[in-house]
Amino acid sequence: MLVNVFARMLCQAHGRAMEPAKGATHVAEIVFRTQDVTKVYGTGEARIYALGGVDLELFAGEIAVLLGPSGSGKSTLLNILGGLDHATSGRVWFRDTELTDLPDRALTKFRRDHVGFVFQFYNLVPSLTARENVQLVTDVSPDPMPAEEALAQVGLTDRMDHFPSEMSGGEQQRVAIARAIAKRPEILLCDEPTGALDSSTGVQVLEVLQDINERFGTTTVIITHNADIQRMAHRVIQFQDGKISSVVINDERLAPSELVW
Amino acid sequence: MQALDRKLLRDFARLWKQALAIALVLACGVAILLTGLGMYTALSETRETYYERNRFADVFVTVNRAPERLAVELAAIDGVWAVETRTTGNTVLDVPGNPRSVTGRILSLPIDGTPRLNVPVLTTGRLPDPTSTTEVMVNANFAIANGFALGDTFSANLNGQKRQLTITGTAQSPEFIYTIGPGALMPDNATFGIIWMPQPAVAAAFDMTGAFNDVSLKLTAGVSRMAIIAEVDRLLDPYGSLGAYGRDLHPSDSFIDAEIAQLRNMASILPPIFFGISAFLVSMVMGRIIMLERSQIGLLKAVGYSNLEVCLHYLMLAGLIAVVAVGIGWGVGGWLARLLAGQYAQYFDFPFLIFRTSPWVYAVSGIAALLTTTLGATQAAIKAARLAPAIAMQPPAPPKFKRSLIDRAMANMRLSQPTVMILRSLFRWPVRSALTTLGLALAVSTIVAPSFFDYALDKIVDSAFYESNRQDAMLVFSHDMPQSVLSTTAALPAVLQTEGQQFHPVILRSGIHEKRTTIQASHPGTDLSRVIDSTGAALDVPPGGVVLTERLAMHLDVGIGDRVAAEFLGGRKETHILTVTGTIAQYFGLGAYMDLDYVNSLLRQSSRISLVNVSLDDAEVLDLHARLKDIPNLVSIVMMSDTRRSFSDTIEQSIGAMNLVYIIIALLITVGVTYNGARIQLSERARELASLRILGFTRAEVSYILFGETLLLSLLAQPLGWWIGAQIANAMANSFSSDLYNMPLVLHPAIFARASFFVLLASFASVMLVRRRLDKQNLVSVMKVRE
């Protein structure tokens, strides 16, 4: 029920991207689905349950914020969704493809073709300029946009030939976003994208993410432990101790510029 | 260019100092491989071609006087392809403008033109007219050294007759690639020359008409040389044969052979050491790079680069080191080859020595370097490929330290925390510590091993020239002379003292062992040419006995009191049983010594001598030379003072250059190991050390922690390096020892001190270079950097 209401909402929000087939019910596509996913680190007495049975669906075109304290399992789930890690048990689907037992090679291809990552510490290659950091992705993607275009999307046209060490944290994160979107990914997975930034820079970065989401309909998952950010999301998924404690649909979303923390 | 390739090039540019430190070590390996292998193939191929084209003989024999008809019988031996009989002899020359007497080796040229075997290559002019008694051809180097032009003349003492000879041409010969005169230790073209003269003139001069005294034989492929030598000996023994021998005992060829073997050793022993050290350095540096680039590796994988692409990326980074090393190595190798070629040109007389290094040698050295870096980087690259992206993104777990017995011991010793940090890190990475120590020990041994030559040669010169052979000159006669020649020579100008000596070619046998050598017989109490025992005292050989050099005794497997059979070659070819009464350490040749009167009585001959040792008054030496040129039967004068000087000069030059090269190599290894080690320490510990600085440690205290480990390992490496160096020196001494020389192992303490001095100094300098980086580091920024 909840899902159907949300799906209709999304269709209104993204008329262009979500044009439904004639006569069909207005139901948003499920991009990711997990079923009782667990992740255990260590063995014996030192076992740590990072995820303790997570069931979740993520829909095309939504901005989902995963909220929760450190160690609640947000990043672990993000890594599993992004094909960076395997679940200990349970199943994970990306559309019709089950990721659960995909071999390494197939996971690499999945990441290469479908997923864009944004990290808290940007993870730019220090020896490459902004443009080249983006080209790192466009070189291996099947249908990328030009690196310059990706950088223009994040407002960095005039900083393209700067090295990471010559840019501010906000600029570096925008390069990281440009790098993530340059491959025209279906999903953007952002792990604490504003975690290392001050609030005004953080807002700029969130504006870029929202802009990308609106223009390209990219499903965007943002991990944060900053509760204020949840108000820009379509849905807020709350984590506690490796489990989903609540899922809230925002009836009224705020623009990033309206956020304060 | 792809972005990943740009990253590769920029990373390489950023790491250039470390990369260069490794590349230089690797370049040494490439250069030595290129030079050694290149020169080895060039020299051996050139020799083969020269021998083939100029039909260098396979078997040689000298006889007293054999009738010409024997040539037919020799040619009829199954397996003999060609026979060349000649008349040869040594003679004293009087070269205009050269106040010293010169020795010439006269070879007859067949009446019908050029020889069938050992064919000389005409360099300038023409062959002498076969009917002429005054025309000669000389070896080109002799002509150059004495400033001869075609048509110039010099005189020769031909069997007691002084004759004026005219040069019609100059030549080179496969028999005389290494031209060494009788009694000389080094080639000297100014005082020894080869003279080709038409057969009738030589025969007349040496009273050999219808006869010969020298035979060369070329064999057909695949026949047994031993069997043919036995057959030749059977035919020629009645004519005073000194025994047939193969190419392996030919003086010129055996010197080239020794050089070729040395090049082969150089190409096969040294480069692997450099490649090994380089591989270790690459693995150390690449391991660290991958640690530092964990998050980048995670990112590359996150954005879709495959494991293979990541692995290749790091292998290519290491490959770039190989590219630089190969560039430097080829450059230096080319230079070394030219240097070596210059040396060969000085000692070896080839008409067409090709010093072109073939492409496959370049390919081999290049591929070897690439394999080295690839091998060194493989572990790190595989680790990068295997790194799970999710884990790579997280900061690495701190290295695991466990309390052990060592920690308890350190606690009991009440060491300071910085010292504990140093020691704990040593034991935490034992393989790295051990390999670093080994690398530095190899640097030490690189200096130690060849340094012994200097001292060994000093000892040789001391023993050979100041203890045993103290004569100023040796006067060699064409055949044994009566004792009365001593009084004749004593009357010559400048001569202060004369002593006679008899030389007898023999084959010594004991059981299955046998060795061809020369017995030197003298009277008891001689002072100029002495036999020195192990205590340094002069030894008189008792009648009935023979004293052998230790190497000869070892070769024959005999000791004092054992008996050896001595076959006296030439003459009646008698065999006598002799008792070994002593052995002596001697560094030149494989000598055997007997009492002169005993030899005379054994061979039932009147008292006679083959050479006269003299001591001279320097002021009158030129007068002596002027007179010597006119003494009949005198065939050669060996000026021991010249020999001594040229030996010392040559040794000094080559040893000096060699030691310099090895010191440079040791410095490169040391810098390669310590600089990279210290840089890695710095990058691993930057945060830790910055924290300490923030806590109030001084720069010096922090440097102590950082470099204590590297310098401690340098110290530990010293005794190991000394030991390895001594082992290598021992192996080198053995490999250099041959029938020509016996290389003593002299390990003077100064050798070890010098090696340690250079290596410790280089270690310290490398560490100080890294310390400058530490000093420049901004503490706050270091602390902010996320691992």
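Is E29(A) buried, partly exposed or exposed? In this predicted model, E29(A) has a relative accessible area of 46% and is therefore partly exposed, since that value lies between the limits of 20% and 50%.

## A salt bridge in chain A

E29(A) forms a salt bridge with R95(A), and the closest N and O atoms of the two residues are 2.8 Å apart. E29(A) belongs to the loop between α1 (2–13) and β1 (30–41) of chain A, whereas R95(A) belongs to the loop between β4 and β5 of that chain, so the pair ties together parts that are 66 residues apart in sequence.

R95(A) counts as partly exposed, at 29% relative accessibility. The loop that holds R95(A) runs between β4 (89–94) and β5 (97–98) of chain A. The backbone of R95(A) has a positive phi of about 50°, although the residue is not a glycine.

## The interface of chains A and B

Contact between the two chains involves 25 residues of chain A and 23 residues of chain B. Together the chains bury about 2200 Å², of which 56% is on carbon and sulfur atoms. On the chain A side, the residues that lose the most area to chain B are L84(A), N123(A) and L136(A), which together account for 22% of what that side buries.

The interface holds three salt bridges, and nine residue pairs across it are in polar contact, with both residues at pLDDT 80 or more. Within chain A, the helices α3 (104–114) and α4 (130–138) each supply at least two residues of the side that touches chain B. By class, that side of chain A has 11 nonpolar, six polar and eight charged residues.

One salt bridge joins the side chains of E132(A) and R6(B), at 3.6 Å from N to O. E132(A) lies in helix α4 of chain A and has a relative accessibility of 8%, so it counts as buried.

The side chain of E132(A) also reaches the backbone nitrogen of T129(A), at 3.0 Å. Leaving aside residues up to four places away in sequence, E132(A) touches S127(A) in chain A, together with A3(B), R6(B) and R10(B) in chain B.

## Aromatic pairs

Over all chains, a search of the whole structure finds 17 aromatic pairs. In one of them, the rings of F56(B) and F60(B) have centres 5.4 Å apart and planes at 45°, so this pair is tilted. F56(B) is buried, at 0% relative accessibility, and F60(B) is buried as well, with a relative accessible area of 5%.

The pair formed by Y178(B) and F255(B) is stacked, because the ring centres are 4.0 Å apart and the planes stand at 20°. Y178(B) lies in the loop between β8 (161–172) and β9 (192–198) of chain B and F255(B) in helix α7 (residues 251–292), so the pair ties together parts that are 77 residues apart in sequence. Both Y178(B) and F255(B) are buried.

## Salt bridges in chain B

The whole structure contains 34 salt bridges over all chains. Among them is the bridge between D58(B) and R247(B), with the closest N and O atoms 3.5 Å apart. D58(B) is placed in the loop between α2 (16–53) and β1 (59–67) of chain B and R247(B) in the loop between β11 (245–246) and α7 of chain B, so the pair ties together parts that are 189 residues apart in sequence. D58(B) is buried, and R247(B) is buried too.

E73(B) forms a salt bridge with R69(B), the closest N and O atoms being 3.5 Å apart. E73(B) has a relative accessible area of 36% and is partly exposed.

## A positive phi in chain B

A494(B) is a residue other than glycine with a positive phi, near 75°. A494(B) is found in the loop between α15 (485–490) and β13 (495–510) of chain B. With a relative accessibility of 5%, A494(B) counts as buried.

How values were computed
Residues are numbered from 1 along each chain as its sequence is written. Chains are lettered from A and ligands numbered from 1 in the order in which they are written. This is a predicted model: local features need pLDDT of at least 70, side-chain atom pairs count only at pLDDT 80 or more; totals for chains, interfaces and linings use all residues. Side-chain values use heavy atoms; hydrogens and water are left out. Contact means heavy atoms within 4.5 Å. Buried area is the accessible area (1.4 Å probe) that two parts lose on being put together, summed over both. A salt bridge is a side-chain nitrogen of Lys or Arg within 4 Å of a carboxyl oxygen of Asp or Glu. A polar contact is a pair of N or O atoms within 3.5 Å; within protein, one must be able to donate a hydrogen and the other to accept it, and residues adjacent in sequence count only if both atoms are side-chain atoms. Helices (H or I, at least four residues) and strands (E, at least two) are DSSP runs, numbered from the N terminus. Ala, Val, Leu, Ile, Met, Phe, Trp, Tyr, Cys and Pro count as nonpolar, Asp, Glu, Lys and Arg as charged, and the others, Gly among them, as polar. Buried means under 20% relative accessible area, exposed over 50%, partly exposed in between (1.4 Å probe, protein chains only). Rings of Phe, Tyr and Trp (its six-membered ring) pair if their centres lie within 6.5 Å; planes under 30 degrees apart count as stacked, over 60 as edge-to-face and the rest as tilted.
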